[in-house]
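Open the model in your viewer and keep the selection panel at hand.

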Amino acid sequence: MFYLKTTNGIQCMKLNGVVFQVNKESDLDRINTPVWITWNWKTALRNKISYYVEEYNDKDLKEYVASLGVKNELEALVKIFELRKDTFNTKVRLWKEFKKSNFRYSMPRFIECLIDFKFPKKTKEKDYKILDFIKLKKYPYVLEFFKNKNNYGSKLDVMIAGVEHRFGWGGLHGARKKVHIKGNLIHIDINRNYPTLLNTYFPIDDPIIKKIHYYNSTKTGAERIPYKLADNAIIGKFKDKKSKLYNPALNNSICVNGQLILLMLIEMLEPYSKIIQTNTDGIIIEAHNEKMILEEVKKWEEITRLTTKISYHKELLQKDVNNYILDGKSVGYTKINPLRYHGVVIKKAMLAYLDGVSPREYLKTNKEIRDYQYLHKGQVYYNAGLSGYTLRDDQGYKVADMPKVTSYFEKRDDRAYIEEIYKKLKEYGI
């Protein structure tokens with residue numbers, strides 16, 4: 001059962017979609033339910049386990065609800081909860097495990113409150129340490145860059161294995177841009193990268209932190225999710241000045257060594273592969289000698305005490321390191337976000353093109369009016385040719401005001417859509 005407090009009373013919805021009205025809060029006492037959901041903590045009906053979704057002001061709320069393709073705020077509330085229930089379940093699981101924290105907190109704050117540990121003294125950002133085993137033969141100047149503490153805060157842009165990479169204080173990134181590759185592609189993903197670096201080389205003597213990482217390392221599937229989120233959230237708090245876990249030197253030690261360790265892997269694999277992209281947790285390569293690649297990965301694991309997950313792929317379309325399609329799986333732009341349903345017709349048409357459907361043919365078959373929706377936020381204006389209407393509004397969400405479905409599809413000019421689809425495909429190497 002879901003509840004939403006309104007000025008006209010309290011709306012209630014069962015999971016089967018039935019909506020009814022309750023006139024006073026006392027009427028709810030007869031209903032047995034462990035879950036209460038509210039838009040804002042100020043509207044909480046009871047001090048029980050609550051799930052808080054994003055907050056919007058009154059002006060934005062109507063438009064945002066409309067963008068979700070639902071009839072009212074209550075249906076929007078239920079939809080958001082269903083899409084984010086993993087977060088809620090994570091809080092419940094961790095609360096049952098440690099009997100601490102407050103469900104009203106954001107996830108990072110919720111996890112921080114599970115931990116009693118506090119660093120005994122403050123550290124400085126430049127007090128990071130570089131692990132002794134890190135050795136670079138072809139790219140030693142990257143190691144020297146990080147050893148020189150005067151470089152703190154600056155970035156190093158350099159060609160590595162034929163790809164422009166950026167080293168800095170937030171992670172390593174590099175990618176071949178606007179490429180479409182078919183072949184023997186291998187994705188090498190480092191398992192629990194930063195949490196493992198922390199617990200292996202910079203351990204914190206706290207039983208809860210150790211327990212969270214142990215469960216993240218040993219549990220699988222849905223049971224692992226709460227501990228995976230918690231493990232990563234702990235590291236995220238090292239640079240939060242308001243957190244009791246604030247330790248910028250430790251954060252930088254993990255970040256710097258993570259980049260150098262990944263560069264070691266690239267250096268070892270470069271003779272046997274072509275680097276396609278590098279991200280914080282791993283690399284994608286085109287294999288030239290698979291046997292030697294696997295042998296070098298094993299050597300790297302023995303040196304670093306890290307482990308990897310290796311997957312094989314056949315096709316990659318890549319705009320940049322954050323936007324690509326790997327064997328039909330979208331990362332970045334083409335991944336559809338159900339909570340921000342924006343320009344979806346373009347994304348779906350791009351994926352359909354990969355299956356041999358032309359943009360013109362796809363647009364003829366897509367009659368879902370919501371797919372043509374464009375959202376406006378802030379002072380950004382979208383092309384009127386795409387949405388059919390110019391979006392003009394001040395701060396906040398604005399949904400394209402589409403006319404009735406029949407009249408819209410009769411009068412729509414597909415040229416602007418087709419032009420945009422091909423433009424996006426070109427950015428992905430097609």
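Select the strands of the open sheet: there are 9, in the order E6-E7-E8-E10-E11-E9-E12-E13-E14, and their pairing is antiparallel. Strand E6 (156-160) and strand E14 (329-331) are the edges, each pairing on one side only. From one strand to the next, the twist averages 30°. Note that this is a predicted model.

Next, select 179-190 and 308-320. These are strands E9 and E12, which pair in the antiparallel sense over 10 bridges. Show Lys182 as well; its bridge partner in E12 is Glu315.

Helix H5 (residues 140-147) lies across E6 and strand E7 (163-167), and runs at about 165° to E6. H9 also packs on the sheet, where it touches E6, E7, E9, strand E10 (273-279) and strand E11 (282-287). The direction of H9 makes about 10° with that of E11.

Centre on Phe167: among the residues it touches are Val142, Phe146, Ile160, Leu172, Gln259 and Leu263.

Finally, select residues 85-98, helix H3, which reaches 20 Å from its first C-alpha to its last. Buried residues in H3 include Phe88, Val92, Leu94 and Phe98. After H3 comes Lys99, with a positive phi near 55°.

Methods. Residues are numbered from 1 along each chain as its sequence is written. This is a predicted model: local features need pLDDT of at least 70, side-chain atom pairs count only at pLDDT 80 or more; totals for chains, interfaces and linings use all residues. Side-chain values use heavy atoms; hydrogens and water are left out. Contact means heavy atoms within 4.5 Å. Helices (H or I, at least four residues) and strands (E, at least two) are DSSP runs, numbered from the N terminus. The expected span of a helix is 1.5 Å times one less than its number of residues. Buried means under 20% relative accessible area, exposed over 50%, partly exposed in between (1.4 Å probe, protein chains only). Two strands pair if DSSP finds at least two bridges between them. Axes are lines fitted to C-alpha atoms, for helices over the stretch in contact, and angles run from 0 to 180 degrees between N-to-C directions. Lists of a residue's contacts leave out its neighbours within four places in sequence.
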